[in-house]
Every structure is written in structure tokens, then in C-alpha cells.
Amino acid sequence: MNLFKKENLIIAIAIMAIFSLATFCGGDKGAEGDSATAETSGDPDIAKGMELYANNGCAGCHGDSGLGDGPAGSALNPKPRDFSMTADYKQGTSADEVAASIEKGVPGTPMIGYAAISPEDRMLIAKYIVSLQK
Ligand code: HEC
């Protein structure tokens, strides 16, 4: 099987990138950039959540792809959550629990509460975060 040949991988990545860009055509420009290559499974809620995640500064700590590797996160203790690692969540991994974490933050850590984001938008971001879990 030559499925994993380098050329095929590059083509696959290019197709994904084009698909992601198409998803964002007509959207606002805030979500352009690296985050546009993330997997949204074609679900419009998740795509919107990804955009809100980018526009609300979450990526600064959690990273463009939500792996906890944002530029502002490296110096933090505890480290920003890597959203793919379900075992690391302290306040639950479901969309409802993640939405509550976004609202209230994690007390005593750099993860502040984002109560100013509307409940609808918090749920969209939560769906995006859940889509990153492994
Ligand atoms: C200043 C850096 C920073 C920013 C900005 C930030 N976070 Fe966090 N976040 C953290 C840290 C640090 C933790 C880990 C806290 C811990 O381990 O107790 C965390 C944890 C989390 C968790 C996991 C909670 C759990 O159950 O363990 C979620 C979900 C989360 N952040 C979502 C977001 C979202 C969504 C945004 C943007 C609206 C955001 N964060 C912005 C630093 C940040």
C-alpha cells in the first residue's frame, strides 16, 4: 500500500487546506490563518466554534489547534489544557461541562471565566473543543 507516500500526504493536506478555506469564504477575516486547517468535519457549528475560539484569544494560550501550545501558554503553571487529552480535563469533557468551564474558568489558575461570551457562543466553542478530543 502506498497510501502513506509523501506525495499523497502532501496532496491530502492541500485538499484539506482548500476545503477549510472554502468553509471560511464569506465568513469574517478573523479566523484566517493556521487555525483554518483544523478538522471541522463539515459541521457548521464546529466551524463557527473554531472561528469564535480564534476571535476570543483562546489560541494565545491553548494554541491554534488547541494542543495547549499557544505562545502565551508556555510560561504558565498549570499549563493550558491540550484539548485532545481527555484524561487531563478537571471539570469534565462533555460539551455542557466544557461550556461551563468556559463560563466560569478554572478557579485559581490563569484560565479565567468568559461569562461575557454569550451562552450560545460558549456552546459553539465547546463543540469545537469536544471535536478535538481523542
Ligand atoms: C491566559 C491563558 C489562557 C487563555 C487566554 C484561555 N485559557 Fe483555557 N486554560 C488555561 C489554563 C492554564 C488551563 C488549565 C487550568 C488547570 O489545569 O487547572 C485552561 C483550561 C481550559 C479548559 C479545561 C478546563 C478543565 O476542565 O480542565 C477549557 C475547556 C478551556 N481552558 C477553554 C478556554 C477557552 C474556550 C478559551 C477562550 C475563550 C480559553 N480557555 C482561554 C489558560 C488559558
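How far does a polar side-chain atom of Arg 81 lie from an oxygen atom of the ligand? I looked it up: 2.8 Å.

**Ground rules.** The model is predicted, so I note that local features need pLDDT of at least 70, side-chain atom pairs count only at pLDDT 80 or more, and totals for chains, interfaces and linings use all residues. Residues are numbered from 1 along each chain as its sequence is written, and side-chain values use heavy atoms, with hydrogens and water left out.

**Polar contacts.** I counted a pair of N or O atoms within 3.5 Å as a polar contact. A polar side-chain atom of Lys 90 lies 2.5 Å from an oxygen atom of the ligand. For Gln 91, a backbone N or O atom lies 2.7 Å from a ligand oxygen.

**The shell.** I found 24 residues around the ligand (a heavy atom within 4 Å). The closest are Cys 58, Cys 61, His 62, Lys 90 and Met 111. Helix 4 gives the largest share, 3 residues. Helices here are DSSP runs (H or I) of at least four residues, numbered from the N terminus.

**The iron.** Which protein atoms are donors of the iron atom? I found His 62 (NE2) and Met 111 (SD), lying 2.0 to 2.1 Å from it. Donors are N, O and S atoms within 2.8 Å of the metal (3.2 Å for Na, K and Ca). His 62 lies in helix 3 and Met 111 in the loop between helix 4 and helix 5, so the pair ties together parts 49 residues apart in sequence. The 6 donor atoms subtend angles of 88 to 179 degrees, which makes the arrangement octahedral (six donors, opposite ones over 155 degrees apart, all others between 65 and 115).

How values were computed. A polar contact is a pair of N or O atoms within 3.5 Å; within protein, one must be able to donate a hydrogen and the other to accept it, and residues adjacent in sequence count only if both atoms are side-chain atoms. Helices (H or I, at least four residues) and strands (E, at least two) are DSSP runs, numbered from the N terminus. Four donors count as tetrahedral if all angles lie between 85 and 135 degrees; four count as square planar and six as octahedral if opposite donors are over 155 degrees apart and all others between 65 and 115; anything else is irregular.
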